[in-house]
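Colleague: I would like to go through this model with you. Could we take the side chains, the pocket and the backbone in turn?

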Amino acid sequence: MSLTTGRSQPLGRAASPAGPPIISPVVELNVGGQFYTTTVITLRKFPGSKLADMFSSLAKACTDVEGRFFIDRPGTYFGPILDYLRSGQVPTQHIPEVYREAQFYEIKPLVKLLEDMPQIFGEQMARKQFLLRVPGYSENLELMVRLARAEAVAARCSSVLVCVVRTEEDAANCAESLRVLEADKRLVVKFGPWKAAPVIRDLLDSVRMDIEARGYQVAYDYCSKKTFQPKPGAYEYFYSFLFNWW
């Protein structure tokens, strides 16, 4: 981005083409309503990144009414991005949010550093890799939310019945109970089996985490006898997820 300045123009904006442009090394940014001042060199530190591309040509620039270069992204997490570009300082707070912004700006060295941190490594390499081995996991989450919302009319909470089996043997143990539910036209969301080390409790915790990440208040426990009475040997596979609405 060829950045110029003049007495009558805001910092970092292009001058009139009447004369040779004076390159301004200083740039004012408006990132999602938060203001930053930096240099073109800093923003272009990593060629090939989206930031470097943004500031490679004035034709790609968007400015606010004050002439600041505008980026429509969360301003709160741009500060750590800028600190890394300036000095190589790796963020220590709000790691998932900064990681998302580093991915957006395509700052590959920072993305790699953040992926090695426990918060991102654990989520990306451990939990998400496990969930990829659970057939229909995402679809089942969507089904749970739909069932809960369908029961929410004039109610304080909704209960969703879930069956979780880790192995084929577990599936065989609860097969008769599932047939009873089907005969009674009772809806149940079934997870598993899967081929990975995590146990049933790990899957249940992941379901709770992912539903809570959508803004719902939810808890789970073994299903009560009032909800459903599994056949002998199948009790440990059936759970109730309680959605609280108010």
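Modeller: A definition to begin: Ala, Val, Leu, Ile, Met, Phe, Trp, Tyr, Cys and Pro count as nonpolar, Asp, Glu, Lys and Arg as charged, and the others, Gly among them, as polar. The model is predicted: local features need pLDDT of at least 70, side-chain atom pairs count only at pLDDT 80 or more, and totals for chains, interfaces and linings use all residues. Residues are numbered from 1 along each chain as its sequence is written, and side-chain values use heavy atoms, with hydrogens and water left out.

Colleague: How do the residues lining the largest pocket divide into nonpolar, polar and charged?

Modeller: A pocket here is an open set of points on a 1 Å grid over the protein atoms alone, where a 1.4 Å probe fits, with protein on both sides within 12 Å along at least five of seven lines; lining residues have an atom within 4 Å of a point. The lining includes Leu147, Val160, Arg186 and Thr227. It divides into five nonpolar, two polar and two charged.

Colleague: Which element gives the most to that lining?

Modeller: Elements are DSSP runs numbered from the N terminus: helices (H or I) of at least four residues, strands (E) of at least two. Two elements give two or more residues to the lining, α7 (137-150) and β4 (157-164). With three residues, the most is given by β4.

Colleague: What kind of pair do the rings of Phe130 and Trp194 make?

Modeller: Rings of Phe, Tyr and Trp (its six-membered ring) pair if their centres lie within 6.5 Å; planes under 30 degrees apart count as stacked, over 60 as edge-to-face and the rest as tilted. The structure has 15 aromatic pairs. In this one the centres are 5.7 Å apart and the planes at 70°, so the pair is edge-to-face.

Colleague: How many residues apart in sequence are the parts that this pair ties together?

Modeller: Phe130 lies in helix α6 (residues 118-131). Trp194 lies in the loop between β5 (189-191) and α9 (200-212), so the separation of the parts in sequence is 64 residues.

Colleague: Is Trp194 buried or exposed?

Modeller: Buried means under 20% relative accessible area, exposed over 50%, partly exposed in between (1.4 Å probe, protein chains only). Phe130, at 6%, counts as buried. Trp194 has 5% relative accessibility, so Trp194 is buried.

Colleague: Which residues are joined by a cis peptide bond?

Modeller: Most residues other than glycine have a negative phi, and most peptide bonds are trans. Here the loop between β5 and α9 holds Pro193. Omega is about 5° for the cis bond that joins Gly192 and Pro193.

Colleague: What is the phi of Lys185?

Modeller: Lys185 is found in the loop between α8 (168-183) and β5. At 76% relative accessibility, Lys185 is exposed. Its phi is positive, in a residue other than glycine, and near 55°.
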